[in-house]
Protein chains: 2
Amino acid sequence: MTNEKGSGFEASRREVLIGTGKLAAGAAIVGVGASALINKTANASSGPPPTPWGYVKLDPKEIAQSAYDNWYKHYCCYAVAEAIIAPLREKIGGPYQNLPVEAFIFGHGGTVGFGTLCGTLMGAGVATSFALGKKDGEAVLRDMMAYYSEADMPIFKPNNPKAHVKNTNISESPLCHISVGKWMKKEGVALKSPERKDRCARVAADIAYQTVVLMNKVHDKTYVGETGSPSAEYGITTQENCTECHGDDVPEPLAPKA
Amino acid sequence: MTNEKGSGFEASRREVLIGTGKLAAGAAIVGVGASALINKTANASSGPPPTPWGYVKLDPKEIAQSAYDNWYKHYCCYAVAEAIIAPLREKIGGPYQNLPVEAFIFGHGGTVGFGTLCGTLMGAGVATSFALGKKDGEAVLRDMMAYYSEADMPIFKPNNPKAHVKNTNISESPLCHISVGKWMKKEGVALKSPERKDRCARVAADIAYQTVVLMNKVHDKTYVGETGSPSAEYGITTQENCTECHGDDVPEPLAPKA
């Protein structure tokens, strides 16, 4: 614990004294005496810095390459989240300096290997939520859930590919298991193959790219979300590939009681 | 942006001067002069405070009631994450003071309503990852993914229930759509019904409860993870309810190339 707390202390001190560009002001705060300091810190009990933490326009191509490279460090969820958050940490600083994106590695393989939500989408959710806040963040994420399901991926061509990938695939689902499973079948390779790993690294690049395209539009105030709430439309939280599991026997949602 | 940065600044200052319980030491740091401060802050460029941020034992019953109450604020993912992180923010402080759990609301409804990973499990993942770090956090989360799929929920009885819930259900899946869909069918209620909402609030309580039970064992060094990596076992990232979608025609995973 000592080291971890120490690191938090260092980062916070940096924010107070350097990150805000106010070393002199920091010294002045101390100069006003302990009672004023305690009054100031009492305000801090209102809680952690609220989102949105802010966004500056990023280059989708650069972020895509970064996500590809990141995949080989800590897999899909980290790959996308860190690709977008790292430049914001550098360009905006502030609260971003206190968020270790390694904490989101657990999204890998559809959450610790269970094949549910593709980790690239959890990573996109983390980035959009912190940077854009709830309303715009969720609108972009809904569009990304739809994009992931409909896009013929991977699209991205890495600068230095670690493996040759022959096939692209439309998953028709935001689920890791379905997306990876369909692609593995088409490519004829196993989960542990270099090709499958590179395919997932490229998908991370694709999702980071498109997320940044949409976030840039939010920044420019030209963004219009295209994907509504599935639960409002279908009467259940859902993907939009009903027949894939239900066949022709898609259940009718119950109407709310009058 | 000004306000958000301001909040980060307040929290950080609290951490430096009060949160660590070292007001006098804080003053002493400033006393050593600007050049020493700059040297200290240079170390901060190593990045955000790494996880694990630490854990103190919590009362599962209290955390469960808190998760139930939280559900009615911001739904499932926030409910579990905040129920566990809020007391750590209070009891440990430090980096927890800089993490706004509202940023994880997006996990609701299986991620913005798409019915994928149940938001309670994303919330558990956030809490276990920040508090316990990658190794123990992922081990507990794997157990929770399995627990969620196997438990007959809801179990929790709220102090002041907002609706009457008749049925319990075993989801056999960590997916929101399947878990909620099976329960709705059994209960005979719609997604927007008070009963369905209260069922999900109670499931949030159940997942928070069991997550804290396991985290307490990690704290006491008595925890033994019971759930392996599905991808290692099955050759694909997956749940363990193969036949539910595949029927009798469960694909054989391809072997890695020799």
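This is a predicted model: local features need pLDDT of at least 70, side-chain atom pairs count only at pLDDT 80 or more; totals for chains, interfaces and linings use all residues.
The peptide bond that joins Met153(A) to Pro154(A) is cis, with omega at about 0°. Another cis peptide bond runs from Thr51(A) to Pro52(A), with omega near 0°, and Pro52(A) lies in the loop between α3 (34-43) and α4 (60-91) of chain A.

Of the 258 residues in chain A, 54% are buried. When contacts in chain A between residues at least 6 apart in sequence are considered, 69% of them join residues at least 24 apart.

Within α6(A), the buried residues are Cys176(A), His177(A), Ile178(A), Ser179(A), Val180(A), Gly181(A), Trp183(A) and Met184(A). What covers these buried residues includes α5 and α7 of chain A. After α6(A) comes Gly188(A), a residue whose phi is positive, near 70°.

Two packed helices are described by the angle between their axes and the distance between the axes. For helix α5 (residues 119-150) of chain A and helix α7 (residues 194-219) of chain A, the axes come within 10 Å and cross at roughly 130°. The helices α5(A) and α7(A) are therefore oblique to each other, and their crossing is right-handed. The residues that make the contact of α5(A) with α7(A) divide into 15 nonpolar, four polar and two charged.

Helix α7(A) also packs with α4(A), and here the axes come within 7 Å and cross at roughly 130°. That angle makes α4(A) oblique to α7(A), and α4(A) passes α7(A) in a right-handed crossing. By class, the contact of α4(A) with α7(A) comprises 21 nonpolar, two polar and one charged residues.

Tyr68(A) lies in helix α4 of chain A, and it counts as buried because 29 C-beta neighbours fall inside 10 Å, where the cut-off for a buried residue is 20 or more. Leaving aside its neighbours within four places in sequence, Tyr68(A) is in contact with Phe156(A), Pro158(A), Ala201(A), Arg202(A), Ala204(A) and Ala205(A). Tyr68(A) and Asn159(A) are 91 residues apart along the chain, yet their C-alpha atoms are separated by 9.7 Å.

Further along α4 of chain A stands Tyr75(A), whose phi is near 75°, a positive value in a residue other than glycine. Tyr75(A) is buried, with 22 other C-beta atoms within 10 Å. In chain B, Tyr75(B) is found in helix α4, and its phi is likewise near 75°, a positive value in a residue other than glycine. With 22 C-beta neighbours inside 10 Å, Tyr75(B) counts as buried.

Tyr75(B) also takes part in a helix contact within chain B. Helix α4 (residues 60-91) of chain B and helix α5 (residues 119-150) of chain B pack at an angle of about 25°, with their axes 6 Å apart. The helices α4(B) and α5(B) are therefore roughly parallel to each other, since the angle between them falls under 35 degrees. In passing α5(B), α4(B) makes a right-handed crossing. On the side of α4(B), the contact is made by Tyr75(B), Cys76(B), Cys77(B), Tyr78(B), Ala79(B), Val80(B), Ala81(B), Ile84(B), Ile85(B) and Leu88(B). From α5(B), the residues that meet them are Gly119(B), Thr120(B), Met122(B), Gly123(B), Ala124(B), Val126(B), Ala127(B), Phe130(B) and Ala131(B). By class, the residues of this contact between α4(B) and α5(B) divide into 16 nonpolar, three polar and no charged.

Key. Residues are numbered from 1 along each chain as its sequence is written. Chains are lettered from A and ligands numbered from 1 in the order in which they are written. Axes are lines fitted to C-alpha atoms, for helices over the stretch in contact, and angles run from 0 to 180 degrees between N-to-C directions. Helices (H or I, at least four residues) and strands (E, at least two) are DSSP runs, numbered from the N terminus. Angles under 35 degrees count as roughly parallel, over 145 as roughly antiparallel, 65 to 115 as roughly perpendicular and the rest as oblique. A crossing is left-handed if the near helix is turned anticlockwise from the far one by less than a right angle, and right-handed if clockwise. Two residues are in contact if their C-beta atoms, placed from the backbone, lie within 7 Å. Ala, Val, Leu, Ile, Met, Phe, Trp, Tyr, Cys and Pro count as nonpolar, Asp, Glu, Lys and Arg as charged, and the others, Gly among them, as polar. A residue is buried if 20 or more other C-beta atoms lie within 10 Å of its own, exposed if 12 or fewer, and partly exposed in between; C-beta atoms are placed from the backbone.
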